[in-house]
Structure formats: C-alpha cells, structure tokens
Amino acid sequence: SGIDANHRGSLIVVRMGNRGQVWAGSAGKGVGVYDPRSQVWKWFTTADGLGDNFVYAIATDQQGRTWVGHLSRGVSVYNGQTWKNYDATQGPLSQRVFAIAVCPVDGDVWIAGDCGLSRYSIHNDRWSYFTRLDGLPSDQASTIAFDSDGNLYMGTECEGVAVASRSSDYGAWRTTLGQLSMPLSASGEGLPSNMINDLVVSPDGTVYAATLNGLGIGKDHGQAWSFVRGANWEANVRGLESKASPIGPGTGAILSEDRCTALALDDAGRLFVGHWHAGVDILECAKLPASEARVGKIKS
C-alpha cells in the first residue's frame, strides 16, 4: 500500500492534488504522494528538501505545485521535481503553519499560522502579511477558507471567526465572537465557541465551523450563526468531560460528539464532520440544523 507501519498512526492530513494524486502528511515521517496511474506511493523527508518531517497542512496551487506546511519550518513547495523550503526569513511570517488555502479567483496562496496570515502572490512573486496590526482579532490563525468570490474566512484559536472581502483587498475584517461560556442546550443561536479548529464554505455561502462545543453554521456568508452539538453535550455541561456516546432519543443532538476537529464538503452537498474520539459524521447541509440532517456515520 505504500503506507507501512512507520507511517500508520502518524498521518494527520490528506489532500487531493490537481492530477488526482493523494497527498498524505505525517507527524514525523514526512509527506507522501500516491499516483493512481502507477498505484505507487512515494515519500519525501528532510533528506529530499522538506523543511521538517512534521506536516500540518497541504494544498496544491493553480500551477500544480504542492505546498506543505510544517511544525517549525514554514512551508515547503514541490514543483514536481524538487522541493524548496521557505521559512520566516524568506517566506511566510509563521514558522508553525496550521492551514494553507488557495484563492479561487486570483490563485494566491494563503498560509495561517502562529504569527497571523501570509499571502503569496502568484503573479507578482511577492509575500505580504496580515497580523493584529492589520485588523485581525488574533495572530493565532488556526484555519482559513475561501468562498467562490474569493472572500476569506479565518478561524482563530481563541477569538472566533474573522471575515475579509476580496473587494477590499482584505483590508477590513469583521469578527464574530463565540459565546463566553459553553452553551446550555443541544442547539441554538450564535457561534458555540471561540476555539475554531476548521472552516469550510459551501457554494451557497454558508460557513461551517468546527469548534470545541459543536458545529457552528453561519448563514449568508457568516452573517448569522447557529449551532448544533454532540450526544455528550449534557455531560459536558455538567463538567464530566464525557467522550462520544450513541445518539439516543431525547438528547436533541445531531452530532456524535461535541468536539469537532475537521470538516469537508462533497459535490453532493454533504458535510463530513470529524471528531476527537467519535470518527466522522455525515450530514445533509440542506437540512441543517434539523435533526433529520444526520444521514450517516463513519466509525474511527
């Protein structure tokens, strides 16, 4: 399979490339690419030019290059033949990279990390940077996503979700803060937490936020937020730090677990919600936040 015992258990991020390849990043073992034509895995480490072997983020730009974000050495870029590493002295502001996203309009590559946001202009071959001095609510940028118009959504570690429009050249940021304390219900209005682990934006402009206290749903490009929670929400409210449990009648929960860690959307309008302990929930976006939105479950 190409993923041997040295790699299993250490994989932390998987992305599809422009040519149908599968890229897999690991915690300590580098990054691998699977070619569906040859059905062969190839692995790269620092010996091949990676900045370090801890991979936190992967993206492919519109020129077909693969960008890999690291634990402590910025990003490494693969052009199909060689790797080049960019650290804080010549590339992104952050040494620790949490997310990479490509603007669908101009193709610029954006990097979220522990020192704010970095933007690489494909056409000008130039870096620019965004921090609290430029209006960000926090320099701890945990995740980023774009809508189809190129508007940028940034999730933070402790300060909610910030949005900037492409028409303003990302010069003005609107921030939505989560509730100061854990919500006391299975669903409700507002962003359920300021701790944002992941963001995705659907084609209709709905923003989904993976948080510590459930799934945030931002209608109309994040203008109005609501939330749904997991089957262990009541235990968490009581301070029991409960793990995931089966969803039963009367809980009011849609998710298997409160703590949401990762999100993905497919072309059929389904939302995949990854959890800390409870595997993956599959939800029908069009029906959220109704309880019948739950359509499937993948166990970890």
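**View 1. Valine 163 faces arginine 174 of strand E16 across a strand pair.** The model shown is predicted. Strand E15, residues 161-164, is joined to E16 by four bridges, and the pairing is antiparallel. Valine 163 falls within the residue range of E15, and its opposite residue, arginine 174, belongs to E16.

**View 2. Four strands form an open sheet in the order E13-E14-E15-E16.** The pairing in this sheet is antiparallel. Its edges are strand E13 (141-146) and strand E16 (173-176), each of which pairs on one side only. On average, neighbouring strands of the sheet are turned by 20° against each other, direction ignored.

**View 3. Arginine 119 and aspartate 106 are joined by a salt bridge between their side chains.** The N to O distance is 3.3 Å. Arginine 119 is located in strand E11 (residues 116-121), whereas aspartate 106 is in the loop between strand E9 (97-102) and strand E10 (109-113), so the contact ties together parts that are 13 residues apart in sequence. Arginine 119 has a relative accessible area of 12% and is therefore buried, buried being under 20%. Aspartate 106 also counts as buried, at 13% relative accessibility.

**View 4. Arginine 119 also forms a salt bridge with aspartate 169.** The side chains meet at 3.1 Å, N to O. This pair links distant parts of the chain, with arginine 119 in strand E11 and aspartate 169 in the loop between E15 and E16, 50 residues apart. Aspartate 169 is partly exposed, its relative accessible area being 47%.

**View 5. A salt bridge connects arginine 229 with aspartate 258.** The closest N and O atoms of the pair are 2.4 Å apart. Arginine 229 lies in the loop between strand E21 (224-228) and helix H2 (233-237), and aspartate 258 lies in the loop between H2 and strand E22 (260-265), so parts that are 29 residues apart in sequence are tied together. Arginine 229 and aspartate 258 are both buried.

**View 6. Asp106, Asp108, Arg119, Arg166 and Asp169 belong to one network of salt bridges.** Arginine 119 is one of the shared partners, with contacts to aspartate 106 and to aspartate 169. The structure holds eight salt bridges.

Conventions. Residues are numbered from 1 along each chain as its sequence is written. This is a predicted model: local features need pLDDT of at least 70, side-chain atom pairs count only at pLDDT 80 or more; totals for chains, interfaces and linings use all residues. Side-chain values use heavy atoms; hydrogens and water are left out. Two strands pair if DSSP finds at least two bridges between them. Helices (H or I, at least four residues) and strands (E, at least two) are DSSP runs, numbered from the N terminus. Axes are lines fitted to C-alpha atoms, for helices over the stretch in contact, and angles run from 0 to 180 degrees between N-to-C directions. A salt bridge is a side-chain nitrogen of Lys or Arg within 4 Å of a carboxyl oxygen of Asp or Glu. Buried means under 20% relative accessible area, exposed over 50%, partly exposed in between (1.4 Å probe, protein chains only).
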